[in-house]
Amino acid sequence: TNTEPVHIFPGSFNPLHKGHLSIYDGIESNNKFFEYSVCRVGKNQLTLEQVIDTIKQFEWKSSLVVTNAPTFLDKIKILQLLGFQQEPIFHIGYDTALRLKHSYGILGIELVPAKFIVYDRVEDDIRGTLSAWTNIPENFNIGEEVPECLVGINSTNIRKGFYKDEE
């Protein structure tokens, strides 16, 4: 069994970009990994080619775990089966935090046996930040400051060709 908390950075990573890597590198733990679920809530099913292309991006960059766990509760069940005893710490973007709030409410989020570190995100020139919420779930914490030049980077805009994410 593992008694050290595990840090998980879940996402679609389509594509993996410097913003993702900056957050991951800033996690001060050796017990950390990216998590890529082939089954995702509210999104189309992935093709085998999409899964393989995503996995290839992680070569030599960091640890990646591929699951079929679309929800945070599913991810927690897998960790428990693997012998992790501590509550996991999920590193998520503001957009994911907002979806959780709309889907489950503050009380519903607080019932999830995990901690969440929430990072600012800019979409449509609007900065989403947890500090703007009047009621923050007890298991949510504000993430470390990500360099300003990386906050607005998101995979959707990279796919649309709005900017390139150079290595």
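Residues are numbered from 1 along each chain as its sequence is written, and side-chain values use heavy atoms, with hydrogens and water left out. Because the model is predicted, local features need pLDDT of at least 70 and side-chain atom pairs count only at pLDDT 80 or more, while totals for chains, interfaces and linings use all residues.

Start with confidence. The predictor's confidence in each residue, pLDDT, runs from 0 to 100. The protein has a mean of 84. In this model, 86% of the residues reach 70 or more. Strand 5 (residues 115-119) has the highest mean pLDDT among the elements, 95. Helix 5 (residues 148-151) has the lowest, 51. Helices (H or I, at least four residues) and strands (E, at least two) are DSSP runs, numbered from the N terminus.

Now the sheet. It is open and has 6 strands, in the order 3-2-1-4-5-8. The pairing is parallel. Two strands pair if DSSP finds at least two bridges between them. Strand 3 and strand 8 are the edges, and each pairs on one side only. Neighbouring strands are turned by 30° against each other on average, direction ignored. Look at one pair: strand 1 (residues 7-10) and strand 4 (residues 89-93) run parallel and are joined by 2 bridges. Ile8 has Phe90 of strand 4 as its bridge partner.

Helices lie across these strands. Helix 4 (residues 94-110) lies across strand 4, strand 5 and strand 8, at about 125° to strand 4. Axes are lines fitted to C-alpha atoms, for helices over the stretch in contact, and angles run from 0 to 180 degrees between N-to-C directions. Contact means heavy atoms within 4.5 Å.

Helix 3 (residues 72-81) has a buried side. Phe72, Lys75, Ile76 and Leu79 are buried there. These residues cover an arc of only 100° around the axis, so they sit on the same side of helix 3. The arc is that of the directions from the helix axis to the C-beta atoms. Buried means under 20% relative accessible area, exposed over 50%, and partly exposed in between (1.4 Å probe, protein chains only). Among the elements covering the buried residues are strand 1, strand 2 and helix 4. The face turned away carries Lys77 and Leu81, which are exposed. Gly83 follows helix 3, with a positive phi near 95°.

The phi of Phe13 is near 50°, a positive value in a residue other than glycine. Phe13 counts as buried because its relative accessible area is 2%. A cis peptide bond joins Asn14 and Pro15, with omega about 5°.

Another loop reaches this one. Gln57 is found between helix 2 (48-56) and strand 3 (64-67). Gln57 touches Phe13, Pro15 and Leu16, not counting residues up to four places away in sequence. The side chain of Gln57 reaches the backbone nitrogen of Leu16 at 2.7 Å.

Finish at Thr129, in the loop between strand 7 (126-128) and strand 8 (140-142). Thr129 counts as buried because its relative accessibility is 17%. Its side chain makes a polar contact of 2.9 Å with the side chain of Asp120. Another, of 3.1 Å, joins the side chains of Thr129 and Ser131. A polar contact is a pair of N or O atoms within 3.5 Å; within protein, one must be able to donate a hydrogen and the other to accept it, and residues adjacent in sequence count only if both atoms are side-chain atoms.
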